[in-house]
Amino acid sequence: MALLRSIRDGLRGLFRRRAVEAELDDEVQDYLAQATRERIRGGMTPESAARAARLELGSVAAVKEEARSGGWEANLESVGSDFRYAARSLRKNPGFTLVALLTLALGIGATTAIFSSVNAVILRPLPFRDADRLAVLWTDDVRRGLHEVETSFPTVRDWQAQTRTFAELAVFSFDNTVTLLGGDEPERTTSSFVSTRLFPLLGAEPLLGRGITAEDQQRREPVVVLSYGLWQRRFGGRRDVVGKFLSLDGDGTASKGGPRSVRVIGVMPPEFFFPGPGTQLWEPVTSYWRLQRESGDRFFNNWRVVGRLAPGASFSAAQVDMDAIGRRLAQAYPSPDPDFPGFGVTVVPLLDQVTGKNLQRALWVLLGAVGLVLLIACVNLASLQLARGAARGRELAVRVSLGAGRLRLLRQLLTESLTLAGIGGAAGLALAAAVVRVLAAAAPPGIARIDGMRVDGTVLAFMAGVSILAGILFGIVPAWTLSRSNPNDALKTGGPGASGTRRIRSLLVVAECALAVVLLIGAGLLIRSAVRLQAVDPGFDPDHVLLVRVAAAAVRGPAETVYGRRLAALATLTERLAGVHGVRDVGAVSSLLRRDNPDQFITVEGGAGGPGGGGTGQLASSSVDPGFFSTMRVPLRRGRLHSQGDAVAAVHLIVTSEAVDYAGPAEAAVVNQAFVQRFFPDRDPIGRRFYLGAPPKVYWYEIVGVVGDMHRQGLEKGVIPEYFGSNLGGSTDLVLRTDGNPLALAPAVRQEIRSVDRTLMILSVGTADRALGALSTARRFQTWLLAGFAAFALALAAVGLYGLLHYAVAQRTQEIGVRIALGARAPDVIGLVLGEGMALAAGGIALGVAAALGVTRLMAYMLFEIGATDAATFTAVPLILAGVALVACYLPARRATQVDPLRALKTE
Amino acid sequence: MPGESTDVIQGTLDLLILKSLSLEPMHGFGIGRRIEQISRGVFKVNPGSLLLAFRRLERSGVLKAEWRATENNRTAKYYALTAKGQKQLAAETRNWARRTAAIARLLEA
């Protein structure tokens with residue numbers, strides 16, 4: 001009832017404003033009339049009675065204002081009028097408004113853009129049901145120090161039977177390369193073998209048809225589920241694809257069975273990806289050709305496992321649970337074999353597995369950095385507002401003396417800054433939307449999910465929140481200070497508490513410098529890392545090298561013939577390519593660069609370290625042709641390189657390797673220097689032998705040569721021990737050293753490849769340089785962004801310092817005039833102003849360095865070969881800031897020397 | 001001066017207005033004057049606060065207002081208690097008595 005009345009009266013106040021106003025006016029006038037009459041009755045003259053009555057009532061406007069302030073509509077109304085007033089006041093100062101809007105748009109825009117990447121990569125849930133309850137389970141090979149290795153079927157079965165913290169487990173294989181036959185040309189793609197429980201466990205429903213069921217598994221029927229992308233691209237999104245048969249083949253190595261016909265049973269929705277974004281096909285594990293052989297043997301650890309936590313279980317509880325299971329299994333199935341991976345388990349939350357902890361941290365660091373920039377921008381605006389407030393002193397004082405309360409004034413000033421922030425935020429959003437579109441399109445490869453970056457509801461809410469926060473942040477200090485100033489002083493001298501606002505502005509400038517120092521140090525550390533990285537010798541010469549990735553089509557026939565033919569074809573191809581005009585050298589390697597962490601275990605005869613003379617850790621193997629090392633200009637340190645004869649022998653050896661016994665013949669291997677340092681630190685490695693596998697079935701290598709180390713995982717990763725065999729198969733990188741621009745030769749090379757072997761698929765063509773650079777795209781991205789932020793912060797701090805001193809000089813004109821009149825010379829005056837400015841800068845630097853010492857530790861893992869407290873950076877940055885501050889102070893200082901003492905004194 | 005005038009004790013303005021109106025409907029000025037007179041000038045009500053209180057009480061349904069001719073043939077806004085206002089006056093009076101008694105006991109103790 002009362003509420004209804006309140007709403008009705010309020011609405012009346014808003015919409016029938018004139019009538020309500022007239023009533024109020026009547027009432028006040030009536031009050032006045034009665035008061036006057038009473039005094040006349042008391043014997044006063046009408047004039048003095050009227051005066052006394054008015055005196056008693058006070059300002060009619062103030063009384064009405066107070067009476068009006070009771071209803072809710074009054075608040076609404078005054079907010080409206082505050083906004084109108086704010087807009088007017090901002091329009092009157094186009095210079096200030098433009099600077100403020102620009103700063104805000106840049107600050108909020110950058111923050112929003114970075115936030116949308118955080119949102120896409122970290123915050124947005126994975127496209128699975130309750131994705132935060134999913135984990136990947138790995139075997140942890142404690143004995144050999146290999147982490148996140150795959151698990152065998154029997155062990156997964158034991159996990160499933162014993163776990164109390166996982167509701168369910170499902171196995172899957174990582175990307176398995178297959179060739180899709182039929183259609184215009186064969187296509188290389190990736191498939192994953194999955195258990196029937198995988199889709200239900202992830203909570204993923206097919207868009208079309210059905211998922212893989214237990215019946216499929218029982219019947220052992222070869223079926224396949226397609227990704228949305230493949231369905232659209234290869235089958236034009238036709239719905240009748242379900243029920244059709246596809247022809248799949250292996251990756252061209254003869255070991256994976258022949259081509260097989262599989263029936264399409266379903267299509268997944270567009271957002272679904274698992275385990276990797278490139279996986280296009282899912283097949284039941286029963287289609288895996290070695291299932292029979294592997295299902296009962298714990299040595300075949302080829303499977304990855306994903307699990308859903310049981311209700312109430314946490315990741316850490318799951319880890320404890322799995323540790324206990326691991327210990328039980330280790331007791332139940334003791335294995336003396338040094339090659340057995342053991343039963344350690346690691347539980348990794350799925351999100352961490354997909355995005356990587358380091359990437360998550362890097363994004364948070366960037367968001368923190370851009371937040372600092374925005375903070376500096378706010379501080380700068382606060383300082384500007386204060387300076388403007390000094391000029392507006394009179395206006396504010398008039399408002400106070402007309403009866404505006406302090407709270408009212410505070411609100412008015414805050415409305416002004418919020419209006420600014422709102423417009424700035426809107427402009428920032430437009431900016432962010434543009435940046436996001438560019439970033440999502442040009443997303444560096446290797447940053448999971450960043451291509452899903454877009455401005456969505458979360459980002460909008462964030463932008464709105466940040467804008468309001470920014471508005472309050474840069475509005476509150478000036479509003480508080482200005483609303484507190486005494487109107488009497490203001491009206492008299494024309495500047496409210498001038499010295500007070502200057503003190504606050506000084507503090508703000510110190511804060512700005514400190515924040516800028518923190519950002520500069522962060523950026524400096526990254527830039528120093530980048531420079532260090534640039535100086536790393538990759539161990540090969542990537543300049544002027546065309547990199548062509550090709551894949552041999554699957555060929556039928558006995559393995560020996562297939563391998564032999566492929567090897568011969570490759571030799572012919574490299575020979576022909578060497579004849580292309582402009583090509584100097586040609587080589588081939590299984591893969592020039594590698595993204596994965598190779599974990600391979602070998603046993604070295606008479607080698608140092610490891611049980612049984614074996615060694616491990618990270619060990620990589622590749623295959624090369626005789627021309628590879630010379631083409632890449634990798635120096636031969638000892639012994640000899642492979643010959644074509646070695647390759648032919650290797651093919652024979654591999655084909656017969658199932659029968660090789662412990663004392664069998666060995667394939668010729670070239671190793672790198674890291675290999676020698678690891679296993680033969682003080683002996684001649686030439687002629688030494690090592691083997692793969694476990695006796696009695698092993699595969700032998702004999703070292704024939706030693707080459708220089710290559711950074712094949714990118715410059716920031718250390719060199720790992722490597723050995724090179726000579727059987728090249730499946731996918732191969734061709735490297736061509738050219739005279740001129742390598743890409744200019746690409747068409748000719750393509751044509752030559754086609755004319756030599758029509759069946760060869762060209763997967764990609766690029767330069768070795770670019771490919772190497774791509775490995776550190778994410779780092780470059782981070783470095784440039786942070787450097788940009790830091791530069792912006794430095795500029796803002798300089799502007800802040802300049803603005804403050806400029807204002808201080810204007811304020812002290814008279815004092816400076818007196819000093820000059822009394823004989824102070826230009827250097828004295830400059831010293832006076834510089835002293836004030838540099839003292840602030842010094843304070844900021846000291847604070848900033850102290851803060852940076854604490855903060856940069858967070859980014860230690862992002863640094864390359866330098867510490868988080870790198871002395872050079874911590875010395876250079878304060879000097880840079882001091883230098884910039886000096887320039888920012890010098891301009892106002894020079895202006896001070898031009899003060900004309902006569903003029904300055906006359907204004908008194 | 002017979003004694004200093006002070007502001008009305010916080011929270012009691014409503015009670016004073018209700019009490020003044022319990023005898024007869026009055027206009028704003030009259031209410032202010034009555035509070036001043038009966039308190040012998042101890043309480044002095046600022047017209048702005050008075051008008052504000054009227055609006056609030058009117059909205060909560062304790063007062064009703066109507067425009068009436070005054071003795072000098074002018075129209076003025078007269079306020080009167082509603083039934084709800086009567087009840088509230090009784091309740092607040094009891095409440096006030098209880099509180100003052102408690103304070104008096106405290107001061108004597």
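How are α7(A) and α12(A) oriented to each other? In this predicted model, helix α7 (residues 153-162) and helix α12 (residues 315-332) of chain A have axes that come within 10 Å and cross at roughly 125 degrees. Angles of 65 to 115 degrees would count as roughly perpendicular and those over 145 as roughly antiparallel, so α7(A) and α12(A) end up oblique to each other. The crossing of α7(A) past α12(A) is right-handed. On the α7(A) side, the residues involved are A:Thr155, A:Asp158, A:Trp159 and A:Gln162, and they meet A:Met322, A:Ile325, A:Arg328 and A:Leu329 of α12(A). Sorted by class, this contact comes out at 4 nonpolar, 2 polar and 2 charged residues.

From α2(A), the contact draws on A:Val28, A:Tyr31, A:Leu32, A:Ala35, A:Thr36, A:Arg39 and A:Ile40, while α3(A) supplies A:Pro46, A:Ala49, A:Ala50, A:Ala52, A:Ala53, A:Arg54, A:Glu56 and A:Leu57.

Turning to strands, chain A has an open sheet of 4 strands in the order β14-β23-β13-β24, with antiparallel pairing. β14 (583-589) and β24 (761-767) are the edge strands, each pairing on one side only. From one strand to the next, the twist averages 20 degrees. Within the sheet, strand β13 (residues 545-551) and strand β23 (residues 731-738) of chain A run antiparallel and are joined by 7 bridges. A:Ser731 in β23(A) has A:Ala551 standing opposite. A helix goes with this sheet too: α24 (residues 746-756) of chain A lies across β13, β23 and β24, and runs at about 30 degrees to β13(A).

Most residues other than glycine have a negative phi, and most peptide bonds are trans. A cis peptide bond, however, joins A:Phe274 and A:Pro275, with omega about -10 degrees. A:Pro275 belongs to the loop between β9 (260-267) and β10 (279-284) of chain A. As for phi, A:Arg633 is not a glycine and yet has a positive value of about 60 degrees. The loop that holds A:Arg633 runs between α21 (628-631) and β18 (636-639) of chain A, and this arginine is partly exposed, its relative accessible area being 42%. A:Glu865, again not a glycine, has a positive phi of about 65 degrees. A:Glu865 is in the loop between α28 (826-855) and α29 of chain A. Since exposed means over 50%, the 55% relative accessibility of A:Glu865 puts this residue in the exposed class.

A:Leu804 is part of helix α26 (residues 777-811) of chain A. Buried or exposed? A:Leu804 has a relative accessible area of 0% and is therefore buried. Not counting residues up to four places away in sequence, A:Leu804 touches A:Arg502, A:Arg505, A:Ser506, A:Val509 and A:Leu840. A:Pro878 is another story: 74 residues separate it from A:Leu804 in sequence, and the C-alpha to C-alpha distance is 20 Å.

The other leucine, A:Leu886, is located in helix α29 (residues 871-897) of chain A. Its relative accessibility of 41% makes A:Leu886 partly exposed. With neighbours within four places in sequence left aside, A:Leu886 is in contact with A:Leu834 and A:Met838. A:Leu834 is 52 residues away from A:Leu886 along the chain, and their C-alpha atoms are separated by 7.3 Å.

Definitions and conventions: Residues are numbered from 1 along each chain as its sequence is written. Chains are lettered from A and ligands numbered from 1 in the order in which they are written. This is a predicted model: local features need pLDDT of at least 70, side-chain atom pairs count only at pLDDT 80 or more; totals for chains, interfaces and linings use all residues. Side-chain values use heavy atoms; hydrogens and water are left out. Helices (H or I, at least four residues) and strands (E, at least two) are DSSP runs, numbered from the N terminus. Buried means under 20% relative accessible area, exposed over 50%, partly exposed in between (1.4 Å probe, protein chains only). Contact means heavy atoms within 4.5 Å. Axes are lines fitted to C-alpha atoms, for helices over the stretch in contact, and angles run from 0 to 180 degrees between N-to-C directions. Angles under 35 degrees count as roughly parallel, over 145 as roughly antiparallel, 65 to 115 as roughly perpendicular and the rest as oblique. A crossing is left-handed if the near helix is turned anticlockwise from the far one by less than a right angle, and right-handed if clockwise. Ala, Val, Leu, Ile, Met, Phe, Trp, Tyr, Cys and Pro count as nonpolar, Asp, Glu, Lys and Arg as charged, and the others, Gly among them, as polar. Two strands pair if DSSP finds at least two bridges between them.
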